Amino acid sequence: MEPVDTDVTGPENHDGGPRGGEAPSGKEAAGRETAGGDAAVHPQAPTLGEMLLAVEELWPESLAENWDEVGLVAGHPSTPVTKVMFAVDPTLEVIEEAVEWGAELLITHHPLLLKGVTTVAATTPKGRAVHRLIESGTALLTVHTNGDSAVGGVSDVLADALGLQDAAPLTVAANGLPEEGIGRVGDLPEAISLGDFAARVFGILPSVAGGVRVSGDKDGLVRRIAVCGGAGDSLFNEVRASNADVYVTADLRHHPASEAREASLNGRPYLIDVSHFASEWLWLPAAAAALGNVLADQGHDVEIQVSTTNSDPWDFILTPG
């Protein structure tokens, strides 16, 4: 499926992605009345600083990997926020979409400035992004590996979408709860063929040029499933230790995948390689809804929408036959 316009606060939402519950629209929240008939206090827009506290409640920065860069990239904490957009990547196209919609805050999964830079001059792509954000008054916030690790994070959403039961982390977070960490492993209600399971994976993801690649016996039965949204070829030891029949992740490189096949036991774990963008896009509607619920509980009225920009870098693919 293509990424769709996902406004989790509006009265109509036709997106089919998994989510953690719908947040009430501003009109619904503002129209509530007290038992005595007096109008209730109307929700107010939070400041960016208050938004940061709400985000920290859901995706604590302490869960981020030590190499990662998460948190506020641009923006003034005192700025009121009435519109928030979620996206996978802080590309210029995504930033323009957020600016045109009027978002005061753009929350992306991937960092804009993961590595150190010596300039943000507008002569460079990242510099142009920083300038556009600041000049338009649009704040940028990164929720990366903290969003992967947290309960309800990227791999949790992927596991839920695939119907896994009793999912647990592949590697437990150093500074989190036992149920927090990178990747997930769980079981299907019953065993199905690798071919049918691969078709299920294909069916839940946004449509991208690369499709889904599979390594293994198409008719082999699978039940125990390991998943990791985004690039997960560093977790093969944990996947093998989990006794997974198949591992679903993105960006599988030739040598790690080849070595995993050589080290497999009776061909397992089978491998399913998906788009990095597609595997993480699934989290956006759920994250938007979760943030909307927290803000509503705090008495804030904010419109939240998921970017419709497909930031997968590939445009088409050629295959044999």
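A226 touches L170, R184, V185, V239, A244, V246, Y247 and V248, when residues up to four places away in sequence are not counted; contact here means heavy atoms within 4.5 Å. The residue is found in strand 9 (residues 221-231). At 0% relative accessibility, A226 counts as buried, a term that stands for under 20% relative accessible area, with exposed meaning over 50% and partly exposed in between (1.4 Å probe, protein chains only).

The model is predicted: local features need pLDDT of at least 70, side-chain atom pairs count only at pLDDT 80 or more, and totals for chains, interfaces and linings use all residues. Residues are numbered from 1 along each chain as its sequence is written, and side-chain values use heavy atoms, with hydrogens and water left out.

**Overall composition**

The protein chain has 11 helices and 12 strands. Helices (H or I, at least four residues) and strands (E, at least two) are DSSP runs, numbered from the N terminus. Of the 321 residues in the protein chain, 48% are buried. Among contacts with a separation of 6 or more, 70% are between residues 24 or more positions apart.

A87 is buried, with a relative accessible area of 2%. Leaving aside neighbours within four places in sequence, A87 is in contact with V94, L106, I107, T108, H109, L284 and S307.

| Pair | Separation in sequence | C-alpha to C-alpha distance |
|---|---|---|
| A226 and A244 | 18 residues | 5.8 Å |
| A87 and I107 | 20 residues | 6.4 Å |

Two strands are taken to pair if DSSP finds at least two bridges between them. Strands of a sheet pair through backbone hydrogen bonds, either parallel or antiparallel. Strand 6 and strand 7 (residues 181-193) run antiparallel and are joined by 5 bridges. T171 stands opposite I182 in strand 7. Axes are lines fitted to C-alpha atoms, for helices over the stretch in contact, and angles run from 0 to 180 degrees between N-to-C directions.

**Helix packing**

Helix 3 (residues 92-101) and helix 4 (residues 125-136) pack at an angle of about 10°, and their axes are 10 Å apart. The two helices are therefore roughly parallel to each other; this term covers angles under 35 degrees, while over 145 counts as roughly antiparallel, 65 to 115 as roughly perpendicular and the rest as oblique. From helix 3, L92, I95, E96 and V99 meet P125, R128, A129, R132, L133 and S136 of helix 4. The residues of this contact divide into 6 nonpolar, 1 polar and 3 charged. Ala, Val, Leu, Ile, Met, Phe, Trp, Tyr, Cys and Pro count as nonpolar, Asp, Glu, Lys and Arg as charged, and the others, Gly among them, as polar.

In helix 9 (residues 254-262), the buried residues are P256, A257 and A260. Seen down the axis of helix 9, these residues fall within an arc of 95°, so they line one face of the helix; the arc is that of the directions from the helix axis to the C-beta atoms. They pack against helix 8 (236-241) and strand 11 (270-274). The face of helix 9 turned away from the buried side carries the exposed residues H254, H255, E259, R261 and E262.
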